[in-house]
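We will go stop by stop.

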Amino acid sequence: MSAEIRGKFRVDRGNFSLDVDLALPARGISALFGPSGSGKTTCLRAMAGLERAPGGFFAIGDTVWQDDARGVWLPTHRRALGMVFQEASLFPHLSVRGNMAFGQRRTVPGADPHRLAEIAELLGIAALLERMPPALSGGERQRVAIARALLAAPDILLLDEPLAALDARRKQEILPYLERLHGELSIPVIYVSHSPDEVARLVDHLVLLDGGRCVASGSLHDVLGRIDLPAVFADDAGVVVETTVAEHEADDLTRLEFSGGHIWVSRRSEAIGTPLRCRIHARDVSLALVPQTQASILNCVAATVVNLAATATPGHVLVKLDVAGNPLLARITRRSAERLGIRPGLALHAQIKSVALLA
Amino acid sequence: MESSDLAAVWLTLKLATVVTLLLLLVGTPVAWWLAHTRSRLKGVVGALVALPLVLPPTVIGFYLLVAMGPDGPVGRLTEALGIGLLPFTFPGLVIASVFYSLPFVVQPIQNAFATVGERPLEVAATLRAGPWDAFWSVAVPLARPGFVSGAILGFAHTIGEFGVVLMIGGNIPNKTRVVSVQIYDHVEALEYAQAHWLAGGMLLFSFVVLLALYTFNAGWRNPA
């Protein structure tokens with residue numbers, strides 16, 4: 001990868017230290033994921049230049065924003081970035097339109113007014129342009145903040161837990177817009193989050209941070225499929241499978257297709273051919289040596305054991321499986337593992353009790 | 001009302017206006033610094049700015065008189081510059097009043113800047129606004145209640161000053177004789193009727209100013 005994002009930051013503040021060296025793809029959404037205090041927000045602020053990490057380095061492709069070894073440092077207002085903060089950060093003295101135009105006016109002289117309308121349309125806030133921020137709901141405010149950031153013609157979009165301050169319903173209101181951005185934006189997005197659901201739903205590249213260190217960095221599927229990681233996801237361990245809606249069947253089930261087989265779920269509204277992300281929790285996968293036809297579990301795929309690892313849950317093991325190239329995790333009891341003789345290379349059948357659909 | 005009363009009223013308003021404008025000019029950077037600095041000097045500067053709140057005006061007036069007098073550092077400077085000595089002149093009164101009313105302007109603005117906080121400025125920076133741009137387009141509009149309070153308090157406080165004026169400006173008609181001094185003169189001369197007019201006027205003025213201030217602040221906090 002030639003055009004990638006490189007960030008090297010070291011911050012030492014006594015009780016908190018950050019020491020990371022990141023390489024992120026220059027396309028798609030990358031998540032900085034970890035518990036609070038893991039340094040993800042500090043990382044993001046260092047990228048934006050809001051936090052000065054001495055001796056640091058940050059570049060998007062050939063555009064260097066910080067290289068202390070060569071004395072390069074661009075202050076935040078000289079960096080072509082868009083940033084959305086955790087809480088609503090709209091300027092209360094400006095209307096929605098005024099907020100959106102704030103960055104646009106300062107970036108593009110004689111800015112195209114159609115662009116503002118276009119972005120407003122994209123984020124579903126076209127009807128709110130003349131309102132003042134206090135008259136907006138939390139979800140609307142965050143959408144305006146995203147629109148405002150996009151209008152500043154950024155080369156990178158930094159999102160600092162943009163959904164954290166919202167209740168579940170507001171989150172559901174914004175997620176589809178973020179997904180739309182994912183499809184329409186050509187710039188990279190760095191998404192800070194501590195919510196496994198958001199990450200599984202939106203992200204392409206996943207960086208796990210813990211205690212100010214980078215624990216893992218890779219494609220979402222690779223990182224989620226690893227079983228050697230400390231219990232970052234704890235009970236949420238599981239993988240994401242990219243499927244396509246294949247068929248709506250007469251008994252109100254929809255068949256999803258992926259390279260490793262089929263998964264049936266309750267009838268979906270999406271048209272045939274629509275891509276759908278599914279999240280399969282390790283705790284919802286059980287293993288059988290022979291296909292179970294006499295059981296109620298419908299979804300069963302052929303799999304091969306890759307390896308096993310201990311889990312945070314006592315008495316359980318995590319089994320990594322390969323389903324025609326797709327990783328799958330199963331959490332079973334150690335006793336079952338021993339009884340079935342689970343070992344690397346063993347071919348068996350994975351039963352999937354439930355599937356979380358992410359879109 | 002006598003013409004000397006009117007002259008005193010006019011002079012007082014002129015003094016308060018000039019002082020308020022100067023204080024907004026001088027006090028804003030001081031307030032900004034106090035609201036944002038992490039320097040150890042913050043406490044010292046904050047205490048210096050607040051001194052007029054507790055010092056007797058005669059003390060401030062005394063030191064300013066000494067400093068601006070022929071043997072004081074400021075006096076020597078102004079004489080060397082060909083301006084002459086400042087005590088017993090209108091400019092001298094203005095300078096003394098700026099010191100005297102400083103905390104009344106700096107503190108509300110400082111509190112307003114502190115309430116605005118760093119976040120809006122960070123947001124402005126991520127939207128390509130440089131520090132100067134962000135100050136005018138974000139910090140000042142958001143700190144507006146502080147500016148209004150500071151200006152009103154500074155203006156009203158300057159109108160009401162007495163001790164400092166007496167020390168530094170004396171009692172020169174049309175030049176340094178402000179309303180509070182004029183009232184004092186009337187009372188000394190047992191002209192209670194004239195004193196009543198001016199004193200009553202001051203009372204009414206002060207009340208209206210404070211009423212306006214509190215109404216404005218309440219309205220700002222509950223925009224609905």
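**Stop 1: the two domains of chain A**

Start with chain A. The C-alpha centres of its domain 1 and domain 2 lie 33 Å apart. This is a predicted model, so every value on this tour is computed from predicted coordinates. To colour the two parts, select 4-230 for domain 1 of chain A and 238-357 for domain 2 of chain A; these bounds come from the domain assignment.

Now look at where they meet. Eight residues of domain 1 of chain A are in contact with 11 residues of domain 2 of chain A. On the domain 1 side, two elements give two or more residues: helix 6 (196-202) and helix 7 (220-224) of chain A. Which helix gives the largest share of that side? Helix 7 of chain A does, with three residues. By class, the domain 1 side has four nonpolar, two polar and two charged residues.

**Stop 2: helix 1 of chain A**

Select residues 40-48 of chain A. This is helix 1 of chain A, and nine of its nine residues are buried, so it is largely enclosed by the rest of the structure. Click along the buried residues of the helix: Lys40(A), Thr41(A), Thr42(A), Cys43(A), Leu44(A), Arg45(A), Ala46(A), Met47(A) and Ala48(A). Buried here means that 20 or more other C-beta atoms lie within 10 Å of the residue's own. Go one step past the end of the helix. There you find Gly49(A), with a positive phi near 80°.

**Stop 3: a helix pair in chain A**

Select residues 138-151 and 168-184 of chain A. These are helix 4 and helix 5 of chain A; their axes come within 9 Å and cross at roughly 25°. That makes helix 4 of chain A roughly parallel to helix 5 of chain A, because angles under 35 degrees count as roughly parallel. The crossing of the two is right-handed.

Show the side chains at the contact. From helix 4 of chain A, pick Gly138(A), Gly139(A), Gln142(A) and Arg143(A). They meet Arg170(A), Glu173(A), Ile174(A) and Tyr177(A) of helix 5 of chain A. By class, the residues of this contact are two nonpolar, three polar and three charged.

**Stop 4: two alanines with positive phi**

Stay on chain A and select Ala153(A). It sits in the loop between helix 4 and strand 8 (156-160) of chain A. Its phi is positive, about 45°, although Ala153(A) is not a glycine. Is Ala153(A) exposed or partly exposed? It counts as partly exposed, because it has 17 C-beta neighbours inside 10 Å.

Next, select Ala324(A). This residue lies in the loop between strand 18 (316-323) and strand 19 (326-333) of chain A. Ala324(A) also has a positive phi of about 45° without being a glycine. With 12 C-beta neighbours inside 10 Å, Ala324(A) counts as exposed.

**Stop 5: chain B as a whole**

Switch to chain B. How many helices and strands does chain B have? It has 11 helices and zero strands. Along its principal axes, the C-alpha trace of chain B spans about 65 × 50 × 30 Å. Chain B has 224 residues, of which 37% count as buried. Consider its contacts with a separation of 6 or more: 73% of them join residues 24 or more positions apart.

**Stop 6: a helix pair in chain B**

Select residues 90-116 and 144-159 of chain B. You now have helix 5 and helix 8 of chain B, whose axes come within 8 Å and cross at roughly 165°. That makes helix 5 of chain B roughly antiparallel to helix 8 of chain B. Their crossing is right-handed.

Zoom in on the contact. Helix 5 of chain B brings residues including Phe104(B), Val105(B), Ile109(B) and Phe113(B). Helix 8 of chain B brings residues including Phe147(B), Gly150(B), Leu153(B) and Gly154(B). By class, this contact has nine nonpolar, nine polar and no charged residues.

**Stop 7: where the chains touch**

Show both chains together. Here 14 residues of chain B are in contact with 18 residues of chain A. Select helix 6 (119-126) and helix 7 (131-142) of chain B; each gives two or more residues to the side that touches chain A. Helix 6 of chain B gives the most, six residues. By class, the chain B side has nine nonpolar, two polar and three charged residues.

Terms used
Residues are numbered from 1 along each chain as its sequence is written. Chains are lettered from A and ligands numbered from 1 in the order in which they are written. This is a predicted model: local features need pLDDT of at least 70, side-chain atom pairs count only at pLDDT 80 or more; totals for chains, interfaces and linings use all residues. Axes are lines fitted to C-alpha atoms, for helices over the stretch in contact, and angles run from 0 to 180 degrees between N-to-C directions. Helices (H or I, at least four residues) and strands (E, at least two) are DSSP runs, numbered from the N terminus. Angles under 35 degrees count as roughly parallel, over 145 as roughly antiparallel, 65 to 115 as roughly perpendicular and the rest as oblique. A crossing is left-handed if the near helix is turned anticlockwise from the far one by less than a right angle, and right-handed if clockwise. Two residues are in contact if their C-beta atoms, placed from the backbone, lie within 7 Å. Ala, Val, Leu, Ile, Met, Phe, Trp, Tyr, Cys and Pro count as nonpolar, Asp, Glu, Lys and Arg as charged, and the others, Gly among them, as polar. Domain bounds come from an automatic or database domain assignment.
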